[in-house]
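Let's take a walk through this structure, one piece at a time. Have a look at it first, and then we'll start with a pair of charged residues.

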Amino acid sequence: MHEWALAESIITTAVEVAEREKLKKIEEIDISLGELQQIEEDIFRFALDEILKSMNLRNIKIVIETENAVFECNKCKHTWNFEKDKLDEAEAEAIHFLPEMAFVHMRCPSCGSPDFTVIKGRGVSITSIKGEK
Amino acid sequence: MVDPRLSVIKKRLKDINNIIAVASGKGGVGKSMVSSLLALHLASQDKKVGLLDLDVYGPSTHIILGIPFQKFPEEDRGIIPPVFHGIKFMSIVFYSEDKPGAFRGIDVSNIIRELLAITQWGSLDYLIIDLPPGIGDETLDVINLIQPTEFLIVSTPSKVAMGAVEKLIDLLLELHLPIIGVVENMKIGDSNYVKQIVTSKDVRYLGSIQFVPALEEAIGDSSKLLKTPFIKDLERIIKKSL
């Protein structure tokens, strides 16, 4: 599961930020999961818990929010939402591994252009790290 | 918002002894051929080798090495690069089905960051990175995210190619980045033009690879590639530079 690698990146970053900000303890990590990457939240949460345990980090609240994916066409300016059911299984899985495969497997539903922007909801990011100074 | 991928990239590359980016200022000079055959040759010498194709608009190392791309690589706490001809191989072609992608700069950076963050290379003697031409997002991301990377620069005898290659050399020198040297590919005749320019910049001229019209027939067949005069010239260059 490649969710594990992304979960590891979250915890590694949180620890780095805590060290940089001289936090005595990390209390909460807020994570945004972009809809486009189709992360399995259960697997992701399990991976986060396991990695935290392996690093002897306890009592950290993990808050996960999913952000809907929105696209805007660079040609006709049409905006639209992610519709996974319009993709076949292999296309959706490719986007799960590499969200930019959206530019390979999707087109603007209004004008057919392959040139569009992911306005929001691309992938995994940390929105906030809270801790005790 | 913090991009968490950046913090694990170092971790993913920590067990790699040498990272070599094959670069050029100009397209069509044979970077992918040098990258692929360098990886193939090192693997044939029982070295642990990885090959990362970062030419996201026109990946071609899978074509040169005859690598099938119809199956997604396996997952185990990340993506495990599949092994072909003894080379751990990673390219967006596994996910793009070799179809075109209209990527803008930010998208290219995202692809590179994602691939570097999720690919589990394990322990390697060499990771060869095939870069696209120029000094664009891919080259800049490699400079910023993968340290230390050594640059192996490819040119042809053409003055047009060298015009662009010189700019890449100058930038790498300005940034004090390690340059292994310059390979002159598709050599015809005995002009010293490339050698003179390269040595005038205190960069090593590593030698030339003769133009081999029959090379095209070996593309896609690793055992034929290993028998071409191209690999003989490349071996000579590797012996004195790696």
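Start with two residues that are tucked away: Arg122(A) is buried, and Glu100(A) is buried too. Keep in mind as you look that this is a predicted model. The side chains of these two, Arg122(A) and Glu100(A), meet in a salt bridge, with 2.6 Å from N to O.

Now hop over to chain B. There, the side chains of Asp3(B) and Arg113(B) form a salt bridge as well, at 3.2 Å from N to O. This one links distant parts of the chain: Asp3(B) is in the segment before α1 (5–13) of chain B, and Arg113(B) is in helix α5 (residues 105–118) of chain B, 110 residues apart. Is Arg113(B) buried or partly exposed? With a relative accessibility of 23%, Arg113(B) counts as partly exposed, because buried would take a value under 20%.

Through salt bridges that share partners, Glu100(A), Arg122(A), Asp3(B), Arg5(B), Arg113(B) and Glu114(B) are joined into one network. Over all chains, the structure holds 19 salt bridges.

Another of these salt bridges is found in chain A, where the side chains of Lys86(A) and Glu83(A) meet at 3.1 Å, N to O. Lys86(A) is exposed, with a relative accessible area of 61%, whereas Glu83(A), at 38%, counts as partly exposed.

While we're in chain A, let's step back and take in the whole chain. It has four helices and six strands, and from the N terminus on the order is α-β-α-β-β-β-α-α-β-β. The C-alpha trace of chain A spans about 55 × 25 × 20 Å along its principal axes. Of the 133 residues in chain A, 51% count as buried. If you take the contacts in chain A with a separation of 6 or more, 76% of them are between residues 24 or more positions apart. The accessible surface of chain A is about 6,500 Å², and 45% of that belongs to carbon and sulfur atoms.

Next, look at the nonpolar side of things. The largest nonpolar core has 130 residues, and the ones that touch the most other members are Ile29(A), Ile31(A), Phe44(A), Met101(A), Ile128(B) and Ile129(B).

Let's follow Ile128(B) back to its strand. Ile128(B) stands opposite Ile20(B), and the strand it sits in is β5(B). That strand, β5 (residues 124–130) of chain B, is mostly covered, with six of its seven residues buried. Which strands does β5(B) run alongside? Strand β1 (residues 16–23) of chain B is joined to β5(B) by six bridges, and the two run parallel. Strand β2 (residues 49–53) of chain B is also parallel to β5(B), joined by five bridges. Here Leu52(B) stands opposite Ile129(B) in β5(B).

Finally, see what surrounds Ile128(B). Leaving out residues up to four places away in sequence, Ile128(B) touches, among others, Ile20(B), Val22(B), Leu38(B), Leu42(B), Val49(B) and Leu52(B).

Methods:
Residues numbered from 1 in each chain as written. Chains lettered and ligands numbered in written order. Predicted model: local features only at pLDDT ≥ 70, side-chain atom pairs only at ≥ 80, totals over all residues. Heavy atoms only, no water. Core = buried A, V, L, I, M, F, W, Y, C linked by side-chain atoms within 4.5 Å. Buried < 20%, exposed > 50% of the residue type's maximum accessible area, 1.4 Å probe, protein only. Contact = heavy atoms within 4.5 Å. Salt bridge = Lys/Arg side-chain N within 4 Å of Asp/Glu carboxyl O. Pairing = 2+ DSSP bridges. Areas by Shrake-Rupley, 256 points an atom, 1.4 Å probe, with all protein chains shown as cover.
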